[in-house]
Amino acid sequence: MKLKMIKALWGMTGSLEEQFHLIAKAGYEGIEAPLPAAEEESRFKELLDKHRFDYIAMVFTQDDHIGSFESQVERALSFSPILINAHSAKDSMPYDKQLAFYERAVAVEKEAGVPIAHETHRGRAMFTPWTTARLLQDVDGLNITADFSHWCCVCESLLEDQAENLRLAVQRTVHVHARVGYAEGPQVPDPRAPEYARELEAHEKWWDEIVAARASQGAGYLTVTPEFGPPGYMHTLPFTNQPVADLWDVCLWMAQRLKAKYSS
């Protein structure tokens, strides 16, 4: 099984043409980004085609969560994505409403014929390992984007007491956001720094398990986005607000590290 390395547009600057050119030159196989504005739709599709990029569409539910999910998925399909990554539902929703949402989301996924992965994100229904496990146990066919950096922040730990919930999450992961979190936040200042070696090791162990699980499930590939973010995800220096690391370099370092690790 191969890894498809995907670049998030989050935090990038310059024109779409410049961004796509840089991503292609760096060797990524696709992009992950929200649906473009209507006036950029044609150009966006042309650039995807020009660079032969895979596209992971991001959708974000709000207010009428089911209605907004359905309408965004419908629009996303016009871009021929290989996967849709959903920030879905809310942490504050009563469980019966979460359950109704995800049951409908799985039905929409079947109708769409494109994999949909629901992100383990703060502020969303899957913001903890145990809320996610409950949903995965109760909704057949529900799959996730594993961004366990959020769980480290919410649980204020490296999830040492969440082994059972992590095992289930690993089995239902179809996409990975390869960002390293720590007990006090969703993004370490720089994953290359030796003081965060323990955090990097913990995340790579989870990713190892996900790769093994997808291979055992017969998947042909696993999509991975090194989704480190700009300020204020990235730490900055006081008073100057200067980032403590270069976002492009950090993402590329992680992409190259994982590519080398899993191609050997």
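# Helix packing and overall form of the chain

Among contacts in the chain between residues at least 6 apart in sequence, 75% join residues at least 24 apart. The model described here is predicted.

## Overall form

The secondary structure of the chain consists of 9 helices and 8 strands. Along the principal axes, the C-alpha atoms occupy a box of roughly 45 × 45 × 45 Å. The radius of gyration is 18 Å, which agrees with the value near 18 Å for a compact globule of 264 residues. Of the 264 residues in the chain, 54% are buried.

## Helix pairs

| Helix pair | Axes come within | Crossing angle |
|---|---|---|
| α3 (residues 65-76) and α4 | 10 Å | roughly 15° |
| α4 (residues 95-112) and α5 (residues 129-138) | 11 Å | roughly 50° |
| α7 (residues 163-171) and α8 (residues 197-216) | 9 Å | roughly 45° |

The axes of α3 and α4 cross at roughly 15°. Angles under 35 degrees count as roughly parallel, and α3 and α4 are therefore roughly parallel to each other. Their crossing is right-handed. On the α3 side, the contact is made by His 65, Ile 66, Phe 69, Glu 70 and Val 73. On the α4 side, Ala 100, Phe 101, Arg 104, Ala 105, Val 108 and Ala 112 take part. By class, the contact of α3 with α4 has 8 nonpolar, 1 polar and 2 charged residues.

Helix α4 also meets α5, and the axes of these two helices cross at roughly 50°. This angle makes α4 oblique to α5. The crossing in which α4 passes α5 is right-handed. Helix α4 contributes Tyr 95, Gln 98, Leu 99 and Tyr 102 to the contact, while α5 contributes Arg 134, Leu 135 and Asp 138. The contact of α4 with α5 has 4 nonpolar, 1 polar and 2 charged residues.

For α7 and α8, the axes cross at roughly 45°. The crossing angle makes α7 oblique to α8, and α7 passes α8 in a right-handed crossing. Leu 166, Val 170 and Gln 171 of α7 meet Trp 206, Glu 209, Ile 210 and Ala 213 of α8. Sorted by class, the contact of α7 with α8 has 5 nonpolar, 1 polar and 1 charged residues.

## Two residues of helix α9

Trp 253 lies in helix α9, which spans residues 247-263. Is Trp 253 buried, partly exposed or exposed? Its relative accessible area is 23%, so Trp 253 is partly exposed. Leaving aside neighbours within four places in sequence, Trp 253 is in contact with Pro 191, Arg 192 and Leu 200.

Ser 263 is exposed, because its relative accessible area is 62% and the cut-off for exposed is over 50%. Ser 263 and Gly 67 are 196 residues apart along the chain, with 41 Å between their C-alpha atoms.

Key. Residues are numbered from 1 along each chain as its sequence is written. This is a predicted model: local features need pLDDT of at least 70, side-chain atom pairs count only at pLDDT 80 or more; totals for chains, interfaces and linings use all residues. Side-chain values use heavy atoms; hydrogens and water are left out. Axes are lines fitted to C-alpha atoms, for helices over the stretch in contact, and angles run from 0 to 180 degrees between N-to-C directions. Helices (H or I, at least four residues) and strands (E, at least two) are DSSP runs, numbered from the N terminus. Angles under 35 degrees count as roughly parallel, over 145 as roughly antiparallel, 65 to 115 as roughly perpendicular and the rest as oblique. A crossing is left-handed if the near helix is turned anticlockwise from the far one by less than a right angle, and right-handed if clockwise. Contact means heavy atoms within 4.5 Å. Ala, Val, Leu, Ile, Met, Phe, Trp, Tyr, Cys and Pro count as nonpolar, Asp, Glu, Lys and Arg as charged, and the others, Gly among them, as polar. The radius of gyration is taken over C-alpha atoms; the globule rule is 2.2 Å times the number of residues to the power 0.38. Buried means under 20% relative accessible area, exposed over 50%, partly exposed in between (1.4 Å probe, protein chains only).
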